[in-house]
Amino acid sequence: MGGIPNYILLSITMPSIKRIWIKEFSRKFLLCLKKYRIDLIGGDISRGPLSINATTIGYVERKSRMMRSGARNKDLIYVTGNLGDSLVGLKILEKQIFLNNKKDSEYFVNKHIKPKIRLYCMNKIRNFINSAIDISDGVIKDLDKILYFSNCGAKIFLDKIPTSKKMSKIFGKKKSLYYAINGGEDQEICFTIKKKYKEKIEKFFFDTGIKCTNIGKILMNRKIIFVKNKKIINYPWKGYEHFEN
């Protein structure tokens, strides 16, 4: 991690020309590029089954890379934002969950289709980060990739896993924790830092108004320990399987 996107190539195939759809898609796509300062430099459009493919090109300075292999013993583990809302949004779109309140449904769906990308805030603190990964397969499943490449383990405080007030109110703590642990496409960031940077990092996120939560710490032994109510428990986790869920 730590790369800066500069350019993008866009290729679209579609069975027929739908001018209104193309106009609206183009408008929102270009707004997104403007937000992240990315230039569209080419691509292709052709007839066929609907398919949209984008290739982003950017750069990263070697000294500024945030790798999965950099976690160290006693590092603190943090995650940005809230977890699990995106999975609820997907289940609403797939008609697996039905909510009576339209605004609640829109909230969760938007969390799935319009995630907040933590690009520039992470790049501002990358010199303090030992390891990092985006959360697209579930926080524990993605954290486990850091643990694998760093050859270490972790202690996770389940009571600290951040969920939105809306999800906790609607689904309760137990179900919300399940969604937070096993949900995909949150697009938040899981990262580790040395303990001495704790106050600096937490102040940075407080000042920027972005939620950031310390959910555990790195251990030397290659295993994941779950703690709830100050007791070690066995918590079954799976993460998100894109070809199964």
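Domain bounds here come from an automatic or database domain assignment. The model is predicted.

**Exercise 1. Two domains**

Find which residues make up each domain, and state how far apart the C-alpha centres of domain 1 and domain 2 lie.

*Solution.* 
Step 1: Residues 4-59 form domain 1, and residues 75-233 form domain 2.
Step 2: At the contact, domain 1 gives 4 residues and domain 2 gives 4 residues.

**Exercise 2. The area between them**

Work out how much area is buried between domain 1 and domain 2, and which residues of domain 1 supply 84% of its part.

*Solution.* 
Step 1: The size of an interface is often given as the accessible area lost when the parts come together.
Step 2: Between domain 1 and domain 2 that area is about 430 Å². Carbon and sulfur atoms give 63% of it.
Step 3: Look at domain 1. I4, P5 and Y36 supply 84% of the area it buries against domain 2, more than any other three residues.
Step 4: Sort the residues on this side of domain 1. There are 3 nonpolar, no polar and 1 charged.
Step 5: Count the links between the domains. There are 0 salt bridges and 1 residue pair in polar contact.

**Exercise 3. Around H112**

Locate H112 in its helix, then list what it touches.

*Solution.* 
Step 1: H112 sits in helix α3, which spans residues 102-113.
Step 2: Leave out residues up to four places away in sequence; H112 then touches S86, G89, L90, L93 and E185.
Step 3: Pick out S86. Its side chain and that of H112 are joined by a polar contact of 2.9 Å.

How values were computed. Residues numbered from 1 in each chain as written. Predicted model: local features only at pLDDT ≥ 70, side-chain atom pairs only at ≥ 80, totals over all residues. Heavy atoms only, no water. Contact = heavy atoms within 4.5 Å. Buried area = accessible area lost by both parts, 1.4 Å probe. Salt bridge = Lys/Arg side-chain N within 4 Å of Asp/Glu carboxyl O. Polar contact = N/O pair within 3.5 Å; in protein donor to acceptor, adjacent residues only side chain to side chain. Nonpolar A, V, L, I, M, F, W, Y, C, P; charged D, E, K, R; others polar. Helix = DSSP H or I, 4+ residues; strand = E, 2+ residues; numbered from the N terminus.
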